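I opened a new notebook page for this protein. My plan is to look up one thing at a time and write down what I find.

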Amino acid sequence: MEQPVPPYAPSFELLPGAAESPVLLHVPHSSRAIPADVREGIVLDDAALERELDHITDAHTERIAERAAALAGTTPWRFVNRLSRLVVDPERFPDEREEMLAVGMGAVYTATTHRGVLRSPDTDHGPLVERYFRPYARAMTEAVAGRLAATGRAIVIDVHSYPREALPYELHGAGPRPPVCLGTDAFHTPSRLREAALRAFAGCGETGLDSPFSGTYVPLEYYGREARVSALMVEIRRDTYMTEPGGPAGPGAEDLAGALAALVDAV
């Protein structure tokens with residue numbers, strides 16, 4: 001269910017790993033928490049909001065990342081979004097570069113997964129961007145800088161999930177939907193990282209590349225500029241580890257955590 005929180009609650013947490021680990025597990029979409037004042041700007045009633053959170057939240061991905069960190073031989077660092085992506089989506093561009101603006105899902109969503117109205121079209125996005133998006137982006141930049149300073153490299157592994165059936169908001173939902181999808185970037189995903197991920201997830205069913213979701217998350221300060229920052233997006237199909245939409249996790253979650261831990265150790 002929705003997790004109401006007070007205004008100005010911390011929107012993220014950096015959980016330290018081993019000093020020698022270059023790996024940063026990024027969990028941006030696992031929370032359902034919405035500050036009370038932000039909730040006031042969402043036009044859905046409580047029942048409709050619960051349904052939207054079921055569809056849009058990457059449920060249990062924080063748990064999978066936490067378990068992977070515990071299983072890994074060298075503990076990775078974790079950066080976890082503590083607020084719902086309905087507050088702001090930290091992985092969007094905050095400007096016209098963002099292709100998801102076409103369906104009302106830029107940094108601040110105005111539309112739902114089913115193309116309904118989430119916020120009034122005349123909502124001023126500025127306060128949410130300044131209060132939540134920019135501090136998050138700065139903190140992620142600092143987290144990556146910390147791994148670079150400590151180890152000479154940084155590896156950002158995004159942990160996401162997606163539904164078995166495409167939702168109306170998806171711009172590229174017509175392609176394959178394998179149990180695990182790896183999102184890559186031509187600059188930031190070296191072949192050794194991609195191949196390590198394919199090996200690690202081999203026991204979790206078919207693993208595909210860049211369908212239905214592609215790309216990776218890299219802080220803008222490093223994006224396309226710093227080759228020492230590697231990145232990979234891991235998208236897990238929800239029916240492989242949980243009851244859709246928004247239901248409990250099943251035994252598949254442990255297998256996926258083990259595969260993620262194997263990837264952490266491999267890189």
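**Entry 1: Arg92**

I started with a side chain. The side chain of Arg92 makes a polar contact with the side chain of Tyr109, at 3.2 Å. A polar contact is a pair of N or O atoms within 3.5 Å; within protein, one must be able to donate a hydrogen and the other to accept it, and residues adjacent in sequence count only if both atoms are side-chain atoms. The Arg92 side chain also reaches the backbone oxygen of Met105, at 2.9 Å.

I noted the ground rules here. This is a predicted model, where local features need pLDDT of at least 70, side-chain atom pairs count only at pLDDT 80 or more, and totals for chains, interfaces and linings use all residues. Residues are numbered from 1 along each chain as its sequence is written, and side-chain values use heavy atoms, with hydrogens and water left out.

Where is Arg92 found? I traced Arg92 to the loop between strand E5 (77-81) and helix H4 (126-151). Helices (H or I, at least four residues) and strands (E, at least two) are DSSP runs, numbered from the N terminus.

Is Arg92 buried or exposed? Arg92 is buried, because its relative accessible area is 14%. Buried means under 20% relative accessible area, exposed over 50%, and partly exposed in between (1.4 Å probe, protein chains only).

I then listed the contacts of Arg92, leaving aside neighbours within four places in sequence. Among them are Arg85, Glu98, Met100, Gly106 and Phe133. Contact means heavy atoms within 4.5 Å.

**Entry 2: the largest pocket**

The largest pocket has a volume of about 1,000 Å³. The search runs on a 1 Å grid over the protein atoms alone: a pocket is an open set of points with protein on both sides within 12 Å along at least five of seven lines, a cavity is a set of points where a 1.4 Å probe fits but cannot get out, and lining residues have an atom within 4 Å of a point. Grid points are joined across faces, edges and corners, and a volume is the space filled by probe spheres set on the points.

I met Arg92 again here. Of the 43 residues that line the largest pocket, the closest to its centre are Glu91, Arg92, Glu98, Ser214 and Thr216. H4, E6 and E9 each give two or more residues to this lining. H4 gives the most, with five.

I sorted the pocket lining by type: 18 nonpolar, 10 polar and 15 charged. Ala, Val, Leu, Ile, Met, Phe, Trp, Tyr, Cys and Pro count as nonpolar, Asp, Glu, Lys and Arg as charged, and the others, Gly among them, as polar.

**Entry 3: the cavity**

How many cavities of 30 Å³ or more are there? I found one. The largest cavity has a volume of about 40 Å³. Its lining includes Ser11, Asn81, Tyr132 and Tyr136. That lining divides into five nonpolar, three polar and no charged residues.

**Entry 4: Pro90**

Pro90 also sits in the loop between E5 and H4. Pro90 is buried, with a relative accessible area of 4%. I checked its contacts, not counting residues up to four places away in sequence: Pro28, Asn81, Phe133, Tyr136 and Tyr217.

**Entry 5: the cores**

The largest nonpolar core has 35 residues. Ile157, Phe201, Val234, Leu260 and Leu263 have the most contacts inside it. A nonpolar core is a set of buried Ala, Val, Leu, Ile, Met, Phe, Trp, Tyr and Cys residues joined through side-chain atoms within 4.5 Å. Helix H6 (252-266) is one of the elements that give two or more residues to this core. H6 gives the most, with eight.

I picked out Phe201. Not counting residues up to four places away in sequence, Phe201 touches Val234, Leu260 and Leu263, among others. A second, separate core has 30 residues, including Ala33, Ala48, Met100 and Tyr132.

I finished with the backbone. A cis peptide bond joins Ser211 and Pro212, with omega about 15°. The bond from Glu244 to Pro245 is cis too, with omega near -15°. His60 is not a glycine, yet its phi is positive, about 70°. His60 is partly exposed, with a relative accessible area of 24%.
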